[in-house]
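Please look over the structure below.

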Amino acid sequence: MNQSKKQQEKTLQMAVLMTPDMANFSGVVHGGSLLKLLDQAAYACAARYSKNYVVTASLDQVFFKEKIQVGELVTLSAHVNYVGRSSMEIGIKVVAENLRTQEKRHTNSSYFTMVAVDENGKPVPVPPLTIDSELEQKLYDAALMRKKMRQEIMEKHMALHVDLPKDDL
């Protein structure tokens, strides 16, 4: 049975306990530790969906809305929002939970563009996305808008690019 006829694996949840080795000098979870977890969740979600090895092509802005404390349980909820020929947008919502009080806080959201590749690193096609609900349609439409914004930003970056002389490298 092909993937389009069976339930597509579009979501993934990953929970990780925040440990002292993830803390920065202030005693809260280091942004870099969280970025690594976000990339791992995006990879796992995109690889599961596409049934291929994937690489990170881009990461939209990440805003750290709230600090995450050592000892909190962080749940990363990833979802395939959009699929192109070989690329996928993966949206990730981060929720931190204080295990003593059971208080949960939405601390971060981000969007990764992942690309399915073969053993030589060349992009390969992925199955088209099946939209199964009104929410998924809204996620898809928003992803299309972000894709357009990413393309516009890339064009502006390229127009501003200045090559450094080789002896300055």
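How many nonpolar, polar and charged residues are in the lining of the largest pocket? The lining has seven nonpolar, eight polar and five charged residues. In this count Ala, Val, Leu, Ile, Met, Phe, Trp, Tyr, Cys and Pro are nonpolar, Asp, Glu, Lys and Arg are charged, and the others, Gly among them, are polar.

This is a predicted model, in which local features need pLDDT of at least 70 and side-chain atom pairs count only at pLDDT 80 or more, while totals for chains, interfaces and linings use all residues. Residues are numbered from 1 along each chain as its sequence is written, and side-chain values use heavy atoms, with hydrogens and water left out.

**The largest pocket**

A pocket is an open set of points on a 1 Å grid over the protein atoms alone, where a 1.4 Å probe fits and protein lies on both sides within 12 Å along at least five of seven lines; lining residues have an atom within 4 Å of a point. The largest pocket holds about 460 Å³ of space, a volume filled by probe spheres set on the points, which are joined across faces, edges and corners. Strand 2, strand 4, strand 5 and helix 2 each give two or more residues to its lining. Helix 2 gives the most, with eight residues. Among the 20 lining residues, S58, D60, R146, M149 and R150 lie nearest the centre.

R150 belongs to helix 2. Beyond its neighbours within four places in sequence, R150 is in contact (heavy atoms within 4.5 Å) with S58, D60, E89, T113 and A143.

**Buried or partly exposed**

Buried means under 20% relative accessible area, exposed over 50%, and partly exposed in between (1.4 Å probe, protein chains only).

| Residue | Relative accessibility | Class |
|---|---|---|
| R150 | 18% | buried |
| T19 | 26% | partly exposed |

T19 sits in the loop between strand 1 (11-17) and helix 1 (31-50). Helices (H or I, at least four residues) and strands (E, at least two) are DSSP runs, numbered from the N terminus. The side chain of T19 makes a polar contact with the side chain of D21 at 2.2 Å.

**Helix 1**

The 20 residues of helix 1 reach 28 Å from first C-alpha to last, close to the 28 Å expected at 1.5 Å a residue. Its buried residues include L34, L37 and L38. Strand 1 and strand 3 (73-83) are among the elements that cover the buried residues of helix 1. After helix 1 comes K51, with a positive phi near 60°.

Notes. Polar contact = N/O pair within 3.5 Å; in protein donor to acceptor, adjacent residues only side chain to side chain. Expected span 1.5 Å × (residues − 1).
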